[in-house]
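This briefing covers selected local features of one model.

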Amino acid sequence: MNFPSNTSSVWIYVLVVLLDCYWEAVSGQLSYSVSEEVNLGTAVGNIAKDLNINVQDLESRMFQIVAGSKRKYFEVNLKTGVLYVNERIDREELCSDEPKCSLNVEAVINNPLKLYRIEIIILDVNDNSPSFLSTSQVINITENTAAGARFPLHPAHDADVGKNTVNTYKLSQNEHFSLATHKGESVTVELLLQKVLDREKQSVIRLILTAIDGGTPAKSGSMTIIVNVLDINDNSPVFSQTLYKVSVYENVKIGSSIITLNATDLDAGPNGQVFYSFSEVGRGKQTDLFAIDEKTGTVTITKNIDFEENNAFEIRVQANDGAVFPMTSHAKLLIEVLDVNDNAPEIAVTSLLNAVKEDASTGTAIALVSVFDKDGSKNGMMKCQISNNVPFKLESNYKNYYSLVVDGPLDRESASQYNISITATDEGSPPLSSTKVINVHVSDVNDNKPLFTENIINVYVKENSPVGAIIKTVTAVDADIDQNGQVTYSFLKSNSDSMSFPSMVNINSETGDIVSLQSFNYEELKTFQFKVQATDSGVPPLSSNVTVNVLILDENDNNPTILAPYSEHGSVNSENIPYSAEAGYFVAKIRAVDADSGYNALLSYHLSEPKGNNLFRIGTSTGEIRTKRRMSDNDLKTHPLVVLVSDNGEPSLSGTVSIDVVVVESTADIQTQFRHVPIKEESFSDLNLYLLIAIVSVSVIFLLSLISLIAVKCHRTDGSFSRYSAPMITTHPDGSWSYSKSTQQYDVCFSSDTLKSDVVVFPAPFPPVDAELISINGGDTFTRTQTLPNKEKVSPIKFLLIPSTLLRVFSSMSRVL
């Protein structure tokens, strides 16, 4: 804004008055003055300099004019700190006839928050001329009226005040009259008779009354005075008092009489009758509130009287006689209006903030509150307070000005707005009060992080599920709103991640949908874990994490696999049994595995399409093939069997293996399946020699260890060894060994996983010597049992555990040998 360089019409003065200390600083009052009707943009004063505020801080600290009149007459240039006129100022419109006219405005600056009260006095300029209520005034004077008589004249009115109002009067040149002026609060004028009148010479006299103000340049207004010279009327009415005084309460009932005036006339007949009226001299609008009975002189009230508008009235009354040319006398009536408590306090609120942040500190000002009571004295004294329970309070600034400040913690999530009831009560009798409700909105700050509904999320995904399928939608809830409550989702990367899960799943940042990027294989990956982070859009952003466990569910997608020795590609699966084999004779054990898990890997064994006389059976859970009965001459010599291995999946998957069971005449003809396996001929090399030496060495060590342990046992039992037959070590066609005595028997067995297990040696439950021994490898049991009559406690025998790899080599040698 460009300010005019000519500021000669502006008088500026600054008066700093320190007020109460609050909000970390002392707020003060500045007082400026500016003439009315100055040009818009006229500088009033440098408010930044006078308040000792850095000009650069005005904009950043949001300096602003926040309170004052409804029209914003003044504004501050935030770049220069100058307070300037923003609208046309008319002192007469703002303050009417008040001798002092001022505008009170308030300014606020933040960080820290300070409040300043600024009084701007509006100086009057002489922009109004004096004027009379009427253009002429008629005065009747008898010709025998003595010199020195005074006659009141209508005063002139000037809207200006001070020296710019009416200062003096002038009367046109004549030989009979002059002016008598009286200066008080206002200048009054009377027409003074200096020379006795003579009706025969001049019956009508015309005079010009001019009112002149004291402005520069002076302005004036005029009125015509018409003097009628009347014949002799001996006596004029005379009031009993020249000044009447009366007091009346405001709001008194209309029609009530307040005083009766009294004037008498010594003449007889019509000339002695007295008639009362209000004089036109000085009559204003206030005389409309009263009426006077022309015969009795009783003054009554015709309209409501309001102390707040006028606390006193000065009325000129006159009494006229009944002559043809009546005589008139004048008196003054002073009416004092007494105040009653008929006005409730008025509350005005100026908001400093559209909304208060929920993290606002205690003492933060959000509004300015001012209260006003039109009543006077004790009726105008007030108390202001908050009438409901809210985290706010009123702090008194000065007089009837308050600041509405935060008085406790705010939480938008608990209460997003408050209705604050402010009540002002005066001290009248009875007291009057008024209440104003202020709606304060609490704005959101990012003080809540997104929260997941679960601490750990388990997601179950079927293997072989299609790529791109949504496996889970994660949701986090943020109690904040708008931008602070907008949540985005992402994977939280960690250095400890063992797998690159971003290659397997992806997440939609807006919806939280977790999408698979590949088809999962339960046999390769059973579970993996990652963390999802939910982040809001606040400043600074807040976030929370949730752990997601993805559990792959098995599908029945793998067929059962037959294990060695029947699974070797190209092998001829053949087993021999003796013709003399009893029912339940162990033929072979089929082992199979399924890469699936659970019920999908629970295998059952069945003989498919049995031929012959249904000679064989198979354990559905063990896979053991046994004879169902003894051989007969009608049975075939070779029995081809097809074993079906099925899982319990849905649908069920299966695998098959074929075994030829050959019936031989004697056990000597029984050979292991290794004889039927085609052996690839190899030339005898150094490696074979080393292998043979290792086998022999291991065999010798094993035998020596076994013999030593037996000797120790025999020695400890004090010759009990001789009671029974010699120990026996027996090999079996399935590759297991047994060590037996007449009282004890120990089995040497392998686990089903021959690639990993070690030899396990444990005592058997005392079978008889002639019992048929079947390897317990894979769950075999004895076919016949008999308890010996020996009650002697048998000491445990300690065996040396030998690695399964060496034992398998030794077992193989034993079969060949």
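Helices (H or I, at least four residues) and strands (E, at least two) are DSSP runs, numbered from the N terminus. This is a predicted model, in which local features need pLDDT of at least 70 and side-chain atom pairs count only at pLDDT 80 or more, while totals for chains, interfaces and linings use all residues. Residues are numbered from 1 along each chain as its sequence is written, and side-chain values use heavy atoms, with hydrogens and water left out.

**Cis peptide bonds**

- Ser429 and Pro430 are joined by a cis peptide bond with omega of about -5°.
- Pro430 sits in the loop between β33 (417-426) and β34 (433-443).
- From Val539 to Pro540 the peptide bond is cis, and its omega is near -5°.
- The loop between β42 (527-536) and β43 (543-553) holds Pro540.

**Positive phi**

- Met62 is not a glycine, yet its phi is positive, about 55°.
- Met62 is placed in the loop between α2 (55-60) and β4 (64-67).
- Met62 counts as partly exposed because its relative accessibility is 46% (buried means under 20% relative accessible area, exposed over 50%, partly exposed in between, with a 1.4 Å probe and protein chains only).
- Asp482, also not a glycine, has a positive phi of about 55°.
- The loop between β38 (476-477) and β39 (487-492) contains Asp482.
- With a relative accessible area of 63%, Asp482 is exposed.

**A three-stranded sheet**

- Three strands form an open sheet in the order β11-β15-β14, with antiparallel pairing; two strands pair if DSSP finds at least two bridges between them.
- Its edge strands, β11 (150-152) and β14 (177-183), each pair on one side only.
- On average, neighbouring strands of this sheet are turned by 35° against each other, direction ignored (axes are lines fitted to C-alpha atoms, for helices over the stretch in contact, and angles run from 0 to 180 degrees between N-to-C directions).
- β14 and β15 (residues 187-193) run antiparallel and are joined by seven bridges.
- His182 has Thr188 in β15 as its bridge partner.

**Nonpolar surface patch**

- Leu692, Val696, Val700 and Leu704 make a nonpolar surface patch of about 330 Å².
- Patches are made of residues with over 30% relative accessible area and no salt bridge; like charges are joined within 9 Å, nonpolar side chains (Val, Leu, Ile, Met, Phe, Trp, Tyr) within 5 Å.
- A salt bridge is a side-chain nitrogen of Lys or Arg within 4 Å of a carboxyl oxygen of Asp or Glu.
- Accessible areas come from the Shrake-Rupley method with a 1.4 Å probe; for residues, only the protein chains shown count as cover.
- Val696 belongs to helix α4 (residues 686-716) and is partly exposed, at a relative accessible area of 41%.
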